[in-house]
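I opened the model to look up its domains, its helix packing and its chain contacts. My entries follow in the order in which I looked.

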Amino acid sequence: MKGTGQVILRTVDITKDFGSLRAVDRVNLEIDEGEVRAIIGPNGAGKSTLLDIVTNRSRPTFGNSYFRGSDITNLPPFAIAAHGVGRCFQVSKLFAGLTVFENVQIACISKGRKVYNIISAGNRIFEIEVNGILDAIGMKAMAGEEAGYLSYGDQRRLEIGITLAMKPSLLLLDEPTAGVSRAEGHDLMQLIKSLAVDQNLTIVFIEHDMDMVFKYADRISVMHLGQLITTGTPDDIRGNAMVRAIYLGEQVA
Amino acid sequence: MEPAQLLCQFMVGVGGGMILFLMAAGVSIIVSGMNLINFVQGAFFMLGALMCYSLSQVLNFWWALLFGPLAVACVGGFAELLLRPLYRKTMLYQLLITMGLAFLIIDGMDAIWGREVKVVALPDYLNTTTPILGLDFPMYYIFIVAASGVIAAGLWLMFEKTRIGMIFRAIISNRPMVDCLGINVTLLFSIMFAFGVWLSGLAGVLMAPIIGIDPQGSMDILFSMMTVLVIGGIKSMKGAFFAALLVGVINAFGSMFLPWFYALIPAALMIIVLLIRPQGLFGEKEG
Amino acid sequence: MVQRLIHNKPLAFGLSATVILTILAAFLPEHRSELITRMLIMALFATSINMQVGSAGMMPLGQAQFFGLGAYAFGLLCVKGGVPFPYGLFFALLISLFAGAMIGYLCLRGDSLTFALLHLAFNILLVSVAAKWISLTEGDQGFTGVPRPGLIPGDFGFYLFVLFVVLVCFILIWTIINSPFGKVMQGLRENEERIRFLGIDSKRFQLVVFTFSSLFASVSGILWAMMQRSVFNTYMSLILSAEGLMMCLIGGMSSFFGPSIGAAIVVIVGTIASTYTRQWQGLLGLIIIICVLGFRGGILGGKKSTIGL
C-alpha cells in the first residue's frame, strides 16, 4: 500500500507549550498520500495533542501544518474538516440521542451540501448513501438504534462510518482499538484498511497495541516526551535500539 | 463645573457603588459557589426590605436589622431544598425554577403586604443630614456606605483568613475535589446558599428606608445586580466589588451629564464586556 | 396522500385543531374567541423560542425583545409614519429580519453562557430604549391606533386572519424542522463539536436558526399589536421573555406542539386566575416549580425527537 509519492500532510516545527510543560516539541512530520501511518509512543508523548493541533482543536504555540500544500494552521476546525480531514476520537463523538441512521445521515447532508436546505423532506434524504455506508461498516441491522445505547465497539464503528461519509482524504484515528476485544479490534482495523484501499484514503492512527501497529501500518512514527524520535517501516522500528529503550518495561506483544 | 461638585458626584457614585456591591455580594456567592444562575435573589432582597418595614414597625429599626436578614435566610433555606435536585441538571432548568420561585415569592409578598406605599421609620439620629463639602449628605446614606464597607471587609476576611472561607473558595474553584476530601459538600452548599440569601436580605433591610419598597421591582434590582456581576466576572467577589464601584460612579456622572441616556449605560456596559471580555474584568477564562 | 395525512400524527393534530378552533370561534362569544386569539399568538411566540432551545447551546433568555420589536416597527410605521397596512407589514418584517441577524451575530460571538447573558442584556437594553425614547415610542404611555387588516371586517375576521398567519408560520417552522437543515439542528443539539468536525460552520448555522426564530417572534408581536390595537413597552418586557420560556417548559421542549400547549395553559391560567386573584403570576411560578421537579420533560416531553408529537 504505497502512496502516490505526494505528501498529503506536513507539519513544520509544531510546538505546544502548556505553561512550562512542552507537550509537543518541534515535530516535523510528513505523511505520504495513501499510506497507513501509526504514531506510537509512551503515554504523555504528545500524540493526541499533535492530532488536536493538526485539526486545530488546539492552537500550536508555534509551527505550521500543511494539507496538500496549503497552510491549515489557522483555519477553524470546521474548515479543516471540510478540506477532507476526518477525525475519530478516543471518546467517540456521536449524536447520542439520534439513531445510527440519522448519525450517518447528517454527515451525508454535510457532504452533500444540503445543510441549509430548509425545503426538502429530511427524513429519507440520502437514504441510499447512508445505507451504503451502514452496509460497509456492517451496521445496517442497527440503523434504528439510538447511538447512545450502542456498545463501545459499535460506537467506534459508527464513528468511523460518520467520518467516512464525509469522504475524507485523510483520516486521523485516536486509539481506534482501545477498549474493545482483540477480535473486535482486528475487525475494526481490517475494516478501516479495506475502506482505505477502496477510497484511496491516507490513514494516521495513534495506537498502543503493538499487534495492530505492526500488522496494519505501512510506516511507524515514534514519539517520546513531545518529540518525534524516528519514522520507519515496521522492520526498521522493531530493530531500532532507541525505540526499544523507550519502551523498556512496556508490554510489547 | 466646580471641582467640588465633581468630587461630590464622585463620592455619590462611590457610595452608590458600595450599595450595589452590597446587593450583588449575596448573588455573587451563590452564583460562584454553586454555578447556579439564580433569578430569585431580587425577590429575597425585596423580602428583606419588607421584613425591615414590618419589624421596624413592631419593634425598632435595629431589631429589624438583626432579625430581618435571618428571616429571609430561613425562607432561602426552604428554597434551597427545592433546588437541590437541580444541581446536576442543565442551566435552563435552574433558570426556570428560580424564575418560578421568584414569581411565587414576589406574588406572595404582594399578597401579604399589599401594594400601598411603605415608609420605614428610622431612628432619629440616622434621619438627619450632615454637611460635607457644602452639600447636605443624609446621615443614613453615610451609614449604609459604612455598613457596606464593613461587610465588604468582613467578607474579604472571611474568605481569605478563615477556614470556612477557604473551603468556600475551594468549592468555587473545584467542587468535585472538595467532595473527595470527605467534606460534606451538600451541607456546605446549604450554608453557602443561606449565607448568600442572608446577604441579599441584609442589603434589603438596609436599603428599605431609602428605596421604594415594591415587590414588582424585584426583577429590575436583580438585573442591575447581574450587570455588576457580569462586568466584574461572575465568579469573582473582588470583581463584583470593583465593578459595583465602576457602575456606581458611571451612573453618578451619567445622571449628571447625560440624563436621558444614563439608564442605558449598565446594560450597554454589560454587552460591551460580554463581547470583549466575556469572563468579566476580573474573571478567569475557563479551560 | 390521505393515508399519509392520517398516519402523520402531528399533521393530523394540527389540522384538526385548526378546524375545531375555527368552528369554536364562529360560535363562541367575543371574549372567548379573543382568548383563542391570544393563545394562537403566544403559541407562535413560544414555538419560536423552542426553535433555538432545540438547537444546541442557545438559550434565548430575552425573546420578548423581538416580540416588541415587531410590534413597535409595525405600529410606528403605520401610526406615526402613516404607511399603509401592507407596506407597514412588509417593512416591519424586514426591520425585524435585520435586527435579528445583527443581534444574533453579536450574541453568538462567545460560548453558550455568554449567548444567554447577551440575549438577556440586549433585552434589557431595548426595554430601556423603549422606555426612554419617549419622542419615538411614547415611553410608558404607549400609543394606539394600530390598524387591523381590512379584508374581513369584525372580530371574527381578525380572528381568521390571525389563525391564517399562525397556521402559515407553523407550517413554515414545521418544514424547516423536518428538512435536512432540521436534521443538522438536531445534531447540533446533540454534539456541537461533531457537527464542526463534519465540516459545518456551527456559528453560521446557529445564526440562521436565530434569525428565523427571531423573525417568527416578531410576527407574533405584530399580531399582538394588531389585536390590542396598540403598542406598549411591556411587549418587550423581561417577564414576557420568562413566560415564553415557561410555556416551552410546561408543554415540553422536545416536541413540536409542546410549546403551543404550554402557551395555551399559561394564557388560560393567566386569564382565569387574574379574574380571581391579583397574584396569578405566583400561581404560574408554582406551576413551573411543579413542572420542573415533577415531569422530566413537560407535558409532551420525554422523547427527544422534535418530529414526533
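Into which domains is chain A divided? I found domain 1 (1-84 + 169-253) and domain 2 (94-167). I note at the outset that this is a predicted model.

**Entry 1: the two domains of chain A**

I looked up the spacing of the two domains of chain A, and their C-alpha centres lie 26 Å apart. Their contact takes 10 residues from domain 1 and 10 residues from domain 2. On the side of domain 1 of chain A that touches domain 2, helix α6 (residues 182-199) of chain A supplies the largest share, 6 residues.

**Entry 2: a helix pair in chain A**

Next I took helix α3 (residues 100-111) and helix α5 (residues 152-165), both of chain A; their axes come within 8 Å and cross at roughly 20°. Angles under 35 degrees count as roughly parallel, and α3(A) and α5(A) are therefore roughly parallel to each other. I logged the crossing of α3(A) past α5(A) as right-handed. From α3(A), the contact uses Val100(A), Asn103(A), Val104(A), Ala107(A), Cys108(A) and Lys111(A). From α5(A), Leu158(A), Gly161(A), Ile162(A) and Ala165(A) take part.

**Entry 3: chain C against chain B**

I then turned to the chain contacts. Here 30 residues of chain C are in contact with 30 residues of chain B. On the chain C side, α6 (112-132), α12 (238-251) and α14 (280-293) are the elements that give two or more residues. Of these, α6(C) gives the most, with 10 residues.

I also checked one residue of chain C, Ala121(C). Leaving out residues up to four places away in sequence, Ala121(C) touches Ala267(B), Met270(B), Ile271(B) and Leu274(B).

**Entry 4: chain C against chain A**

For this pair I found 25 residues of chain C in contact with 29 residues of chain A. At least two residues of the chain C side come from each of α8 (154-177), α9 (180-190), α10 (192-196) and α11 of chain C. The most come from α9(C), which gives 8 residues.

**Entry 5: the largest nonpolar core**

Which residues have the most contacts inside the largest nonpolar core? I found Ala24(B), Ala121(C) and Ile288(C), in a core of 265 residues. Helix α11 (residues 202-228) of chain C gives the most to this core, with 14 residues. Domain 1 and domain 2 of chain A both give residues to this core, so it lies between them. As background, I noted that in soluble globular proteins nonpolar side chains tend to be buried together.

Notes. Residues are numbered from 1 along each chain as its sequence is written. Chains are lettered from A and ligands numbered from 1 in the order in which they are written. This is a predicted model: local features need pLDDT of at least 70, side-chain atom pairs count only at pLDDT 80 or more; totals for chains, interfaces and linings use all residues. A nonpolar core is a set of buried Ala, Val, Leu, Ile, Met, Phe, Trp, Tyr and Cys residues joined through C-beta atoms within 7 Å. A residue is buried if 20 or more other C-beta atoms lie within 10 Å of its own, exposed if 12 or fewer, and partly exposed in between; C-beta atoms are placed from the backbone. Helices (H or I, at least four residues) and strands (E, at least two) are DSSP runs, numbered from the N terminus. Domain bounds come from an automatic or database domain assignment. Two residues are in contact if their C-beta atoms, placed from the backbone, lie within 7 Å. Axes are lines fitted to C-alpha atoms, for helices over the stretch in contact, and angles run from 0 to 180 degrees between N-to-C directions. Angles under 35 degrees count as roughly parallel, over 145 as roughly antiparallel, 65 to 115 as roughly perpendicular and the rest as oblique. A crossing is left-handed if the near helix is turned anticlockwise from the far one by less than a right angle, and right-handed if clockwise.
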